[in-house]
Amino acid sequence: LETLGMGVDMVRAGKADALVFAPLNKASLHSAGMSQSDELHWFADRLGHNGSVSELNVMDGLWTSRVTSHIALRDVADLITEDKIIEAARLIHSALKDAGFESPRIGVCGLNPHAGEGGRFGTEERDIIEPAIEILTDEGLKLTGPHPADALFTPRARATYDAALAMYHDQALVPL
């Protein structure tokens, strides 16, 4: 935590351009005194940031972000809300714009197998994810979905979007 703090302070003071770190063990961070759920929220608190936070991952041209992050899988469905999807989509859209994408395209994962398959395997897609996508498309963002996650990360599908918005941690990180 001291080293991370020093890194944040160096970037904030202009002594470094970026802070890069490997995956962090949350149990070790908590043993060292971190009271936040994860490093993302620790960084936000340290920087006095009260807005959205998310981990953006990029590898070989594949950008991913997610609606939920370091939480138990059993809690994911309850934390998937229209507001959280909208926040996460706006955040990755903004990051893509900052990275030079003129008109970012975002593919949105469903939560359930086969993206719920019309309500047969869950209704979150119909009841929560689709309305959020509609709100964002009405704002002018280019989103498609919800897509079955296993199909969204195929090479053919990847050609249709610049970033994938996943609903939970492993849904975004396994394809990377």
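I started with the helix pairs: α1 passes α3 in a right-handed crossing. Helices are DSSP runs of H or I with at least four residues, strands are runs of E with at least two, and both are numbered from the N terminus.

Before going on, I noted that this is a predicted model, where local features need pLDDT of at least 70, side-chain atom pairs count only at pLDDT 80 or more, and totals for chains, interfaces and linings use all residues. Residues are numbered from 1 along each chain as its sequence is written, and side-chain values use heavy atoms, with hydrogens and water left out.

Back to the geometry. I looked up α1 against helix α3 (residues 39-47): their axes come within 11 Å and cross at roughly 50°. That makes the pair oblique, the class left over once under 35 degrees is roughly parallel, over 145 roughly antiparallel and 65 to 115 roughly perpendicular. The axes are lines fitted to C-alpha atoms, for helices over the stretch in contact, with angles from 0 to 180 degrees between N-to-C directions.

Next pair: helix α5 (residues 82-98) packs on helix α6 (residues 124-138) at about 45°, axes 9 Å apart. I put these two down as oblique as well, and their crossing is right-handed.

Then the surface. I found a nonpolar patch made of V11, L19 and F21, with about 200 Å² of accessible area together. Patch members have over 30% relative accessible area and no salt bridge; nonpolar side chains (Val, Leu, Ile, Met, Phe, Trp, Tyr) are joined within 5 Å, like charges within 9 Å. A salt bridge would be a side-chain nitrogen of Lys or Arg within 4 Å of a carboxyl oxygen of Asp or Glu. The areas are Shrake-Rupley values with a 1.4 Å probe, and for residues only the protein chains shown count as cover.

V11 sits in helix α1 (residues 2-12). At 31% relative accessibility I list V11 as partly exposed, the range between buried (under 20%) and exposed (over 50%), with a 1.4 Å probe and protein chains only.

A115, not a glycine, has a positive phi of about 50°; it lies in the loop between β3 (105-109) and α6 and is buried at 13%. E117 also has a positive phi, near 45°, and I found it in the loop between β3 and α6, partly exposed at 38%. The peptide bond from G145 to P146 is cis, omega near 0°, and P146 belongs to strand β4 (residues 142-147).

Key: Left-handed = near helix turned anticlockwise from the far one by under 90°.
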